[in-house]
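Colleague: Hi! Could you walk me through this one while I look at it?

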Amino acid sequence: MQGVSHPVARRYARALFEEARARGQAEVIDADVAALHEAFAASRELARVFESPVIPREKKKKIIETLFAGRLQPLTIRFLELLIEKERENLLPAIVAAYRALQDEAQGIVEAHVRTAFPLDEAGARPLVEKLERLTGKKIRLQLKQDPSLIGGVVVRVGDTVYDGSVRQQLAALRERLRRRATFVNGSNESR
């Protein structure tokens, strides 16, 4: 699967995104893209079908018709068929990811990847979301992951910025301060 940074995937995603808005169909096409995302997340086999150069284009079109006709908007169906005709269907998962990134950008949403030592429920996550929203000035969508190696605390990544409030990080910082202090004390004793 190609990443969101794939330039061709971004171009196709932007084309669909802008066409949906130009036609006044932003909400329904956004929902279609969400449905495609769910379909690929639920079935690795579906992603493999579109990634495979061996499966004939006509068969891929038939799969789209079978799975999505009546469930997706005609614009979305035509877009999927265009990808197949242009032999770009292997980029579909990356196009979906790029489209969702465009949606988030338009809505002022950023994704925060949060690792905690213990499970965090919605009530426990709310203060974190509020603090991150104040810090970033954007709406936050949390992606939570439990990581027992943290011992305690939380590590948050928003874009390229990492906020490390883990116990492990705090212990490492304390260890470094003690090491510097020991070096300073030993160094000043030697100079006497």
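Modeller: Happy to! The axes of helix 2, residues 26–42, and helix 6, residues 92–107, come within 10 Å. Keep in mind that this is a predicted model.

Colleague: At roughly what angle do helix 2 and helix 6 cross?

Modeller: Their axes cross at roughly 135°. Angles over 145 degrees count as roughly antiparallel and 65 to 115 as roughly perpendicular, with oblique for the rest, so helix 2 and helix 6 are oblique to each other.

Colleague: And is the crossing of helix 2 and helix 6 left-handed or right-handed?

Modeller: That crossing is left-handed.

Colleague: Okay, what about helix 4 and helix 5: at roughly what angle do their axes cross?

Modeller: The axes of helix 4 and helix 5 come within 10 Å as well, and the crossing angle is roughly 165°. That makes helix 4 roughly antiparallel to helix 5, because an angle over 145 degrees counts as roughly antiparallel. The handedness of this crossing is right-handed.

Colleague: New topic, charges. How many salt bridges does the structure hold?

Modeller: There are 15 salt bridges in the structure. As background, side chains of opposite charge can pair when their charged atoms come close.

Colleague: Show me one. Which residue does E19 meet in a salt bridge?

Modeller: E19 pairs with R23, with 2.6 Å from N to O. E19 is partly exposed, at 32% relative accessible area, and R23 is partly exposed too, at 43%.

Colleague: And which partner does E89 have?

Modeller: The side chain of E89 meets that of K60 in a salt bridge, again with 2.6 Å from N to O. E89 sits in the loop between helix 5 and helix 6, while K60 is in helix 4, residues 57–68, so this pair ties together parts that are 29 residues apart in sequence.

Colleague: Are E89 and K60 buried or exposed?

Modeller: Both E89 and K60 are buried. The cut-off for that word is under 20% relative accessible area.

Colleague: What about E111? Which residue does it form a salt bridge with?

Modeller: E111 forms one with R141, and the closest N and O atoms are 3.3 Å apart. E111 counts as partly exposed at 29% relative accessibility, and R141 counts as partly exposed at 27%.

Colleague: Which residues are linked with E111 in a network of salt bridges?

Modeller: D104 and R141 are linked with E111 in that network.

Colleague: What about E87, what is its phi?

Modeller: Phi of E87 is near 55°, which is also a positive value in a residue other than glycine. E87 is placed in the loop between helix 5, residues 74–85, and helix 6.

Colleague: Last topic, distances. How far apart are Q107 and K138?

Modeller: Q107 and K138 are 31 residues apart in sequence and 8.9 Å apart in space, C-alpha to C-alpha. Q107 is in helix 6 and counts as partly exposed at 40% relative accessibility.

Colleague: And how far is T136 from T66?

Modeller: T136 and T66 are 70 residues apart in sequence, and their C-alpha atoms are 43 Å apart in space. T136 is in helix 7, residues 122–136, and counts as partly exposed at 26% relative accessibility.

Colleague: One more: L135 and F50?

Modeller: Those two are 85 residues apart in sequence and 40 Å apart in space, C-alpha to C-alpha. L135 is found in helix 7, and with a relative accessible area of 52% L135 is exposed.

Conventions
Residues numbered from 1 in each chain as written. Predicted model: local features only at pLDDT ≥ 70, side-chain atom pairs only at ≥ 80, totals over all residues. Heavy atoms only, no water. Axes fitted to C-alpha atoms, helices over the stretch in contact; angles between N-to-C directions. Helix = DSSP H or I, 4+ residues; strand = E, 2+ residues; numbered from the N terminus. Parallel < 35°, antiparallel > 145°, perpendicular 65-115°, else oblique. Left-handed = near helix turned anticlockwise from the far one by under 90°. Buried < 20%, exposed > 50% of the residue type's maximum accessible area, 1.4 Å probe, protein only. Salt bridge = Lys/Arg side-chain N within 4 Å of Asp/Glu carboxyl O.
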